[in-house]
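Welcome! Here is a short tour for anyone meeting this structure for the first time. Please have a look at the sequence and the model before reading on.

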Amino acid sequence: MNTRMLVSRAAVTVATLGVVTAGSALQTAQAAAPATPAVFSAVGSAGELFPELNGVRIKAVGSDDVYLVLDGKRHLIPSSVTYGALFRSTDGIRLLLTADNIADGGPLTAYAYLARTADDATVYLVSNGLKREITPAAVDKFGFDWQKVRTTYDWVLADLPSAAPLV
């Protein structure tokens, strides 16, 4: 995909989803965009990656399923218990016409959680047998709840393989 197409697609996504992303071309496109509708539409082919949506929680019209976008893919949040263990509230969930055009990354683990050790303030998302470091900015961007971070033993996190950090 060339740069012009990428900027054009990102501008359409920003305009239709109301997502704030870095980059002067995207910010300019967002500023020129009309008011964001109540229901959003991700523009793209079925199974496409949307890295510009990382950190956004989405829900399709007519569905109770809520997804978290990580690495441009939608990941099902499997239950209200898992949702409650990760996020501050349901505020910020974006309503989509369909989520089918966003690549499916599989569900988060039931009972996924936020963790740190007593000796280290680094916070991790623990899910699917992996730990992912979460920067302080990402905690707020993703809507994670600082008060739900568990303190665990060093060896628990040390034994988990690392995945790309969430920024």
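Glu48 sits in the loop between helix 2 (24-32) and strand 1. Keep in mind that this is a predicted model. Is Glu48 buried or exposed? Glu48 counts as buried because its relative accessibility is 18%, and the cut-off for buried is under 20%.

Which strands make it up, and in what order? The sheet is open and has 4 strands, in the order 3-2-1-4, with mixed pairing. Strand 3 (73-76) and strand 4 are the edge strands, each pairing on one side only. From one strand to the next, the twist averages 40°. As a general point, side chains in a regular strand alternate between the two faces of the sheet.

| Strand 1 with | Sense | Bridges |
|---|---|---|
| strand 2 (residues 66-70) | antiparallel | 3 bridges |
| strand 4 (residues 94-96) | parallel | 3 bridges |

You can find these pairings by following single residues. Arg57 has Leu68 as its bridge partner in strand 2, while Ala60 stands opposite Leu96 in strand 4. Strands 1 and 2 also form a hairpin, with 5 residues between them. Within that turn, look for Gly62, whose phi is positive at about 80°.

What is the nearest side chain of opposite charge to Lys131, and how far away is it? It is Asp159, at 8.3 Å. Lys131 is buried yet has no salt bridge. Leaving aside residues up to four places away in sequence, Lys131 touches Tyr124 and Leu125, and also Leu157, Ala158, Leu160, Pro161, Ser162 and Ala163.

Finally, a word on confidence. The protein has an average pLDDT of 80, and 72% of the residues score at least 70. Where does pLDDT stay under 50? That stretch is residues 1-38, for which the model has 48 contacts beyond four places in sequence. Where pLDDT is low, the predicted coordinates should not be read in detail.

Terms used. Residues numbered from 1 in each chain as written. Heavy atoms only, no water. Buried < 20%, exposed > 50% of the residue type's maximum accessible area, 1.4 Å probe, protein only. Lys, Arg positive; Asp, Glu negative; His and termini not counted. Salt bridge = Lys/Arg side-chain N within 4 Å of Asp/Glu carboxyl O. Contact = heavy atoms within 4.5 Å. pLDDT = per-residue confidence, 0-100. Pairing = 2+ DSSP bridges. Helix = DSSP H or I, 4+ residues; strand = E, 2+ residues; numbered from the N terminus. Axes fitted to C-alpha atoms, helices over the stretch in contact; angles between N-to-C directions.
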